[in-house]
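Subject: Structure for you to look at

Hello,

Here is the structure I said I would pass on. Please open it first, then read the notes below with it on screen.

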Amino acid sequence: MTELRLLDADGYTVPGSIRTTTPDTDAAVRADLKQLAAEHAAQWADFGYRAADYRVLNDPPA
């Protein structure tokens with residue numbers, strides 16, 4: 001199993017973004033995290049956050 005977490009542009013884990021995946025669910029979870037990045041960035045857009053600056057971190061690293 002792999003743990004994925006969404007990091008914002010400052011390198012902080014976005015609350016509620018830690019997800020455990022399997023090879024079968026990895027693509028769907030990544031899509032969900034991409035949507036979460038868009039929502040989180042929109043919430044903090046006044047402070048310069050952009051969804052494109054977010055990244056997904058694998059643990060263990062891929």
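Two strands count as paired if DSSP finds at least two bridges between them. Strands of a sheet pair through backbone hydrogen bonds, either parallel or antiparallel. Please keep in mind that this is a predicted model.

The sheet

With that definition, the structure has an open sheet of three strands, in the order β2-β1-β3, and the pairing is antiparallel. β2 and β3 (residues 55–59) are the edge strands, as each of them pairs on one side only. On average, and ignoring direction, neighbouring strands of the sheet are turned by 35° against each other.

How many bridges hold each pair? β1 and β3 are paired over five bridges, in the antiparallel sense. Between β1 and β2, which also run antiparallel, there are three bridges. You can find some of the partners by residue number. In β3, R55 stands opposite L7, and L57 stands opposite R5. On the β2 side, E3 has T20 as its bridge partner.

The helix and the core

Helix α1 packs on the sheet and touches β1, β2 and β3; the direction of α1 makes about 15° with that of β1.

In soluble globular proteins, nonpolar side chains tend to be buried together. Here the largest nonpolar core has nine residues: L4, L6, V14, V29, L33, L36, A37, A41 and Y54. The most come from α1, which gives five.

H40

H40 lies in helix α1, which covers residues 26–43. Is H40 buried or exposed? Its relative accessible area is 14%, and buried means under 20%, so H40 is buried. The side chain of H40 makes a polar contact of 2.6 Å with the side chain of Y54. Not counting residues up to four places away in sequence, H40 touches V14, P15 and Y54. Of these, V14 and Y54 are also listed in the largest nonpolar core.

I18

Residue I18 sits in the loop between β1 and β2 (residues 19–21). With a relative accessibility of 44%, I18 counts as partly exposed, because that class covers values between 20% and 50%. Apart from its neighbours within four places in sequence, I18 is in contact with E3, L4, R5 and T13. From C-alpha to C-alpha, I18 and R30 are 11 Å apart in space, and they are 12 residues apart in sequence.

The aromatic pairs

A search of the whole structure finds two aromatic pairs. One of them is formed by W44 and F47: the ring centres are 5.7 Å apart and the planes are at 50°, so this pair is tilted. The relative accessible area of W44 is 34%, which makes W44 partly exposed. F47 is exposed, with a relative accessible area of 62%.

Regards

Technical notes
Residues numbered from 1 in each chain as written. Predicted model: local features only at pLDDT ≥ 70, side-chain atom pairs only at ≥ 80, totals over all residues. Heavy atoms only, no water. Helix = DSSP H or I, 4+ residues; strand = E, 2+ residues; numbered from the N terminus. Buried < 20%, exposed > 50% of the residue type's maximum accessible area, 1.4 Å probe, protein only. Polar contact = N/O pair within 3.5 Å; in protein donor to acceptor, adjacent residues only side chain to side chain. Contact = heavy atoms within 4.5 Å. Core = buried A, V, L, I, M, F, W, Y, C linked by side-chain atoms within 4.5 Å. Phe/Tyr/Trp six-rings, centres within 6.5 Å; stacked < 30°, edge-to-face > 60°. Axes fitted to C-alpha atoms, helices over the stretch in contact; angles between N-to-C directions.
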